[in-house]
Amino acid sequence: MSDEKTRSGFVTFVGRPNVGKSTLMNALVGEKVAITSDKPQTTRRAIRGIINRPGGQLVVVDTPGVHRPRTLLGQRLNDLVEQVLGDVDVIAFCAPADEKVGPGDRRIAESLSDYPHAKKIALVTKTDRSDRDEIMQRLMEVDSLREDWAAVIPLSSVSGEQLEVLADEVLALMPEGPALYPDDVVTDESTEDRVAEIIREAALDGVRDELPHSIAVTVDDIAAREGRDGLTDVYANIVVERDSQKAIIIGHKGSRLRDVGARARAELEPLLGTRVYLALHVRVAKEWQRDPKQLGRLGF
Ligand SMILES: Nc1nc2c(ncn2[C@@H]2O[C@H](COP(=O)(O)OP(=O)(O)OP(=O)(O)O)[C@@H](O)[C@H]2O)c(=O)[nH]1
Ligand SMILES: [Mg+2]
């Protein structure tokens, strides 16, 4: 034990869907703890990522993008964000450098007044996609959204630019305290949840329109194969809302489903530390996004 004072606490990234919240958490943690995609509303749970710094520990809580809900799922996701915002020490509002600040951003920034105890900072994300002028423009727009930003920071999760600055700034805003998690832990997500999310990410790749929203993944079992060292059986379901979507996911003679399986396996094997036999079953749960009972079953 050293006598040096350390700081620790919770920070959440909040913003519209697709602004780069989960990618930023992963970049800071240095490992993929949350899945990401170019489709809006990828994140559906409050996923924690843990960052250890010489001066202390940050627990990032990644949240779903805040949007105008069209389904009960959408409403539940927004409610989840509100819950998280009420619990954290620092709220980091995110807006991307390459899109003008709009009404959605304004609404979210204003709503942060409901959390007077949290310190607030603003982040301009994806600066690698913009030139200097555009970044300056965005910084000014974001800066004017609130009077009480403790900092406004431009950064890129892809180039890594300013990530250290962000971590230091956020840590300086945290109360003094010991680490909240052991220093070899990157997330408190269960293996089962991480497996389900990796499969969902693989299934999201290349699908369009409403289908990304309709996909959920459940895991029935993860078990070491008896009599075979270094092989894990994973039984999982890709849940969609309609038969037509099931046909798309499966693809011609099962080709798409095989690709999804191969992509998922490539990430599951390092995560589980063994070879993986992945049995994927596609199942229809009619209109699950709007059905309270189905949502409950799927963990929302
Ligand atoms: N060029 C560039 N792309 C980025 C950066 N950060 C995120 N992206 C991309 O932006 C898209 C959205 O990223 P996510 O991290 O999933 O966004 P999110 O805000 O978590 O989205 P939701 O979970 O849907 O709310 C993905 O295609 C990312 O690869 C960045 O710093 N630079
Ligand atoms: Mg996300």
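Is Thr-43 buried or exposed?

## Magnesium site

In this predicted model, where local features need pLDDT of at least 70, side-chain atom pairs count only at pLDDT 80 or more, and totals for chains, interfaces and linings use all residues, Thr-43 counts as buried because its relative accessibility is 8%; buried means under 20% relative accessible area, exposed over 50%, and partly exposed in between, with a 1.4 Å probe and protein chains only. Residues are numbered from 1 along each chain as its sequence is written, and side-chain values use heavy atoms, with hydrogens and water left out.

The magnesium ion (ligand 2) is coordinated by Ser-22 (OG) and Thr-43 (OG1), at 1.9 to 2.1 Å, donors being N, O and S atoms within 2.8 Å of the metal (3.2 Å for Na, K and Ca), and sites may look incomplete as water is not among the atoms. Ser-22 lies in helix α1 and Thr-43 in the loop between α1 and β2, so the pair ties together parts that are 21 residues apart in sequence; helices (H or I, at least four residues) and strands (E, at least two) are DSSP runs, numbered from the N terminus. Ser-22 counts as buried, at 8% relative accessibility.

## Lys-39

Lys-39 lies in the loop between α1 (21-29) and β2 (47-53) and, at 14% relative accessibility, counts as buried. When residues up to four places away in sequence are not counted, Lys-39 touches Asn-18, Leu-204, Gly-206, Val-207 and Pro-212, contact meaning heavy atoms within 4.5 Å.

Note on methods: Chains lettered and ligands numbered in written order.
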